[in-house]
Amino acid sequence: MIAEIGLVALWLAAALAVLQMVAGALSMRSGEGEATPLVLFARPAAIVQAGLAVLSFAMLLWAFAITDLSIKLVATNSHSMKPFLYKITGTWGNHEGSMLLWVAVLALSGGLLAFAEHRLPKRTMQAALAVQGFVALGFYAFLILSSNPFERLPVPAAEGVGLNPLLQDIGLAVHPPTLYIGYVGLSVAFSLAMGALLTRQVTPEFAKVIRPWVLGAWVFLTLGITAGSYWAYYELGWGGWWFWDPVENASLMPWLAATALMHSVSVLAARDALRTWTIMLGVLAFSMSMLGTFLVRSGVLTSVHAFAVDPERGAFILVLLGIYVGGALAIFALRAGSIAEGKRFSVTSREGALVFNNVMLTAILAVVLMGTLYPLLTEAFDVRVSVGPPYFNPVGAIFAVPMLLVMAVGPLLRWKADKSERISGLVSIVMAVLITVVGLALFLGVSGALSIIGLAFAAALAIAAFLPLKGRNLRLVPIAVWGMVMAHFGIAVSLFGMASESAFTQERLAAVAPGGSTTVGDWQITLEGVDPIAGPNWTAMEARVAASRDGAEPVILAPQARNFWTPFQATSESALHTRWDGQLYAVIGDSAGDGRWQLRIWWKPFVTFIWYGGLLIALGGVLAIIGRLRSDLRRRTAKRKGDERRADLAEFFDKQDEGVR
Amino acid sequence: MMRLAYAIPLALFLFILGLGGYMLTQGRDQAIPSQMVAKPLPDIDLPAAGGDFPGLTRRELIGGGPKLINFWGSWCVPCKAEAPHLEALKEQGADIIGIALRDTPEDAGAFLKQYGNPYSRVAIAEVFTILFGFGGSGVPETYVVDDEGVIRYQHIGDVRARDVPILLDQLEKAK
């Protein structure tokens with residue numbers, strides 16, 4: 001019964017998406033004042049649809065929780081002996097389940113939009129709802145027609161196949177849902193942007209409506225990328241935190257677009273400038289999340305995130321991509337000329353700096369996109385290449401360096417027009433820090449141009465991030481400004497972690513017999529023993545590694561080489577020891593024969609700052625949302641109070657008039 | 001002019017869409033051809049593993065006519081499937097050298113006893129590195145090496161009945 005309820009809910013939700021689309025589109029065509037009965041339908045359709053999609057996902061969760069082996073998806077992805085947490089997270093550890101999660105989040109945010117948003121002009125809102133329904137419909141069709149998660153087996157399986165061991169980790173509980181919320185949040189931004197474009201109402205008011213959605217999506221993308229990076233770092237056991245893998249790029253590209261969009265939206269909201277550019281970015285951000293989905297799931301690119309690859313599904317996503325993004329860009333090409341570009345501003349101004357950063361972010365996005373698609377292009381001509389850090393790092397840096405420079409000084413500039421002399425004192429402090437750190441790094445013999453640049457910019461940016469607060473009464477600074485300061489400071493922290501990791505990491509690969517020792521950095525490493533241990537669905541060789549720094553009391557690390565039996569796969573469980581100034585990272589490899597074991601140890605100074613920085617950036621985004629929503633609420637409350645007062649006064653005078661009569 | 005600029009994103013997108021669509025229709029060829037074909041053999045120096053498994057050096061592979069070099073392992077299932085076809089190759093005069101990867105003399109010996117020994121010589125390598133030297137990526141793989149020690153041909157995957165004449169033909173060409 002569970003599967004059937006889930007499937008019926010999905011079909012009903014799809015039907016409501018059709019209603020939402022049609023009602024929204026038709027009532028958009030009618031004039032602002034005209035009352036059509038259809039206008040009543042779009043909002044409720046979106047809200048009920050959200051409930052149904054969530055119900056459908058809840059049914060799948062339930063099926064996984066009780067390991068209902070009569071459902072094909074459960075039988076092929078779960079196992080009755082799996083720990084309960086991984087039974088639950090296994091729901092979205094596969095193609096069908098993750099698409100259902102995607103659709104549920106999409107419907108939920110569409111419902112939230114329909115329920116909570118009452119500021120937009122009616123026609124724009126109806127257009128946005130129509131677009132949202134259209135997007136949702138495509139994904140319902142994709143699920144029902146080519147990826148039905150509720151398919152039954154003719155004969156229930158005796159036992160499940162199990163979940164990929166790499167996915168049997170707490171990281172799976174966090175990383176995909178956060179990323180999906182981010183991607184889907186961008187779909188709302190897309191719908192709103194299309195709505196505004198269709199009705200030609202790209203106004204500051206529209207920017208204020210779209211802003212919390214963009215900020216929210218961006219916060220979740222930031223968290224998702226941060227979590228994914230840390231997960232890959234400790235789970236894959238390769239010691240790296242970013243691999244420029246196509247799937248990582250697929251999450252980075254929407255983030256870059258959303259970052260640009262977020263900044264351009266704030267220009268539109270504050271100054272009524274950059275109208276077409278904002279719409280363009282709104283479309284771009286969502287296209288990037290869809291393109292990522294296509295690249296990952298069609299199997300046209302090889303990646304460590306090998307989802308069950310299926311060309312038919314790839315074709316389906318490609319068609320959706322063509323319809324949504326192609327359609328949006330075609331409308332953009334036809335309509336953009338008719339949206340006035342908005343207010344002008346001088347180059348030396350807050351807007352000028354934001355435009356420059358927008359262009360740089362978009363350029364970095366183009367660099368990542370080209371690097372990701374290049375292997376696909378050459379393969380079309382039968383040449384196999386792989387594009388990696390030697391391309392991405394330096395070419396990305398060409399645009400990242402000017403971007404970071406402007407990011408340091410941009411927030412100090414005033415809106416509309418400013419004089420560079422006004423901030424020259426602060427700029428020279430930032431430049432002095434930059435030059436001092438470069439000099440210091442060269443003097444100390446730090447290797448790697450990118451590492452040195454990274455360290456210098458981290459220091460300069462850490463100071464520059466707080467300069468916008470200078471000379472202001474800290475209690476009166478709006479929360480949104482604190483958000484910006486926090487996010488920019490987070491970039492500095494993260495950058496410091498990255499540069500430090502690449503400049504100062506020490507690595508030791510040694511074959512050690514139990515009792516033997518080796519050193520890495522300041523650390524004295526002793527292999528105390530290697531013992532077999534057993535977990536719920538795996539066995540492992542676990543090493544006891546004692547690590548001590550400067551003769552202090554040793555800490556024990558226990559890296560494992562695990563063998564899962566459902567499905568059969570060997571994984572390497574790294575062991576980490578975190579200090580404030582870095583992390584010790586230990587991996588055990590094969591037995592070298594003769595009683596010795598391959599032991600791989602890294603000392604990575606300040607590597608954790610990469611992810612602390614990511615969290616700070618996300619926190620900055622959260623503060624910005626709180627700040628914006630609060631000031632917006634306040635404004636509305638003030639307006640309502642004003643209205644009430646006026647009404648009271650009017651009533652009072654009316655009564656007086658009556659009394660006089 | 002300005003209006004044309006608004007169509008640039010659409011043009012770029014259609015290009016990417018076309019590329020994606022084209023690549024979807026192309027079959028994914030998972031085998032990675034060796035970059036070492038037509039190049040001399042890599043350095044080989046496998047130590048003796050005792051019993052029937054003497055070591056193997058690069059020099060021993062050069063001269064004495066073209067050879068087949070077959071990478072296998074007692075743990076490898078397709079290797080069991082290709083055993084009769086290697087036997088057929090041997091009967092038709094091919095000189096086959098076997099290199100068992102990540103294997104032990106006991107396991108490899110038991111395998112040869114059960115599935116037959118088509119090799120004129122077998123060496124054991126503890127690690128995969130030697131296969132990477134040939135530009136290979138998996139087991140089993142079979143290479144044709146000519147008299148001068150140049151790799152002439154690579155066969156990826158298990159040898160099947162239809163591959164036997166192809167390999168014999170390649171050996172003939174390498175003479």
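Leaving aside residues up to four places away in sequence, A:Ala17 touches A:Gln49, A:Gly133, A:Ala136, A:Leu137 and A:Tyr140; two residues are in contact if their C-beta atoms, placed from the backbone, lie within 7 Å. The model is predicted: local features need pLDDT of at least 70 and side-chain atom pairs count only at pLDDT 80 or more, while totals for chains, interfaces and linings use all residues. Residues are numbered from 1 along each chain as its sequence is written, and chains are lettered from A and ligands numbered from 1 in the order in which they are written.

- A:Ala17 is found in helix 1 (residues 2-29) of chain A; helices (H or I, at least four residues) and strands (E, at least two) are DSSP runs, numbered from the N terminus.
- A:Ala17 is buried, since 29 other C-beta atoms lie within 10 Å; the term buried requires 20 or more such atoms, exposed means 12 or fewer, and partly exposed is in between, with C-beta atoms placed from the backbone.
- The C-alpha atoms of A:Ala17 and A:Gly133 are separated by 4.8 Å, although these residues are 116 residues apart along the chain.
- A:Pro554 lies in the loop between strand 4 (538-549) and strand 5 (555-557) of chain A.
- A:Pro554 counts as partly exposed because it has 16 C-beta neighbours inside 10 Å.
- Not counting residues up to four places away in sequence, A:Pro554 touches A:Ala546, A:Ala547 and A:Ser548.

**Helix pairs of chain A**

- The axes of helix 6 (residues 122-146) and helix 7 (residues 170-198) of chain A come within 7 Å and cross at roughly 135 degrees; axes are lines fitted to C-alpha atoms, for helices over the stretch in contact, and angles run from 0 to 180 degrees between N-to-C directions.
- Helix 6 and helix 7 of chain A are therefore oblique to each other; angles under 35 degrees count as roughly parallel, over 145 as roughly antiparallel, 65 to 115 as roughly perpendicular and the rest as oblique.
- Residues of helix 6 of chain A, including A:Ala128 and A:Val131, meet residues of helix 7 of chain A, including A:Ser191 and A:Leu192.
- This contact of helix 6 with helix 7 of chain A divides into 10 nonpolar, 5 polar and no charged residues; Ala, Val, Leu, Ile, Met, Phe, Trp, Tyr, Cys and Pro count as nonpolar, Asp, Glu, Lys and Arg as charged, and the others, Gly among them, as polar.
- Helix 13 (residues 389-409) and helix 15 (residues 449-464) of chain A have axes that come within 10 Å and cross at roughly 20 degrees, which makes helix 13 roughly parallel to helix 15.
- The contact of helix 13 with helix 15 of chain A has 13 nonpolar, 1 polar and no charged residues.

**Nonpolar cores**

- The largest nonpolar core has 185 residues, and among the members that touch the most others are A:Val103, A:Ala189 and A:Leu461; such a core is a set of buried Ala, Val, Leu, Ile, Met, Phe, Trp, Tyr and Cys residues joined through C-beta atoms within 7 Å.
- Helix 8 (residues 204-235) of chain A gives the largest share of this core, 17 residues.
- A second, separate core of 39 residues includes B:Leu68, B:Ala123, B:Val139 and B:Val159.

**Contact between the chains**

- Chain B contributes 17 residues to the contact and chain A contributes 25 residues.
- Helix 2 of chain B gives the most to the side of chain B that touches chain A, with 12 residues.
- That side of chain B divides into 13 nonpolar, 2 polar and 2 charged residues.
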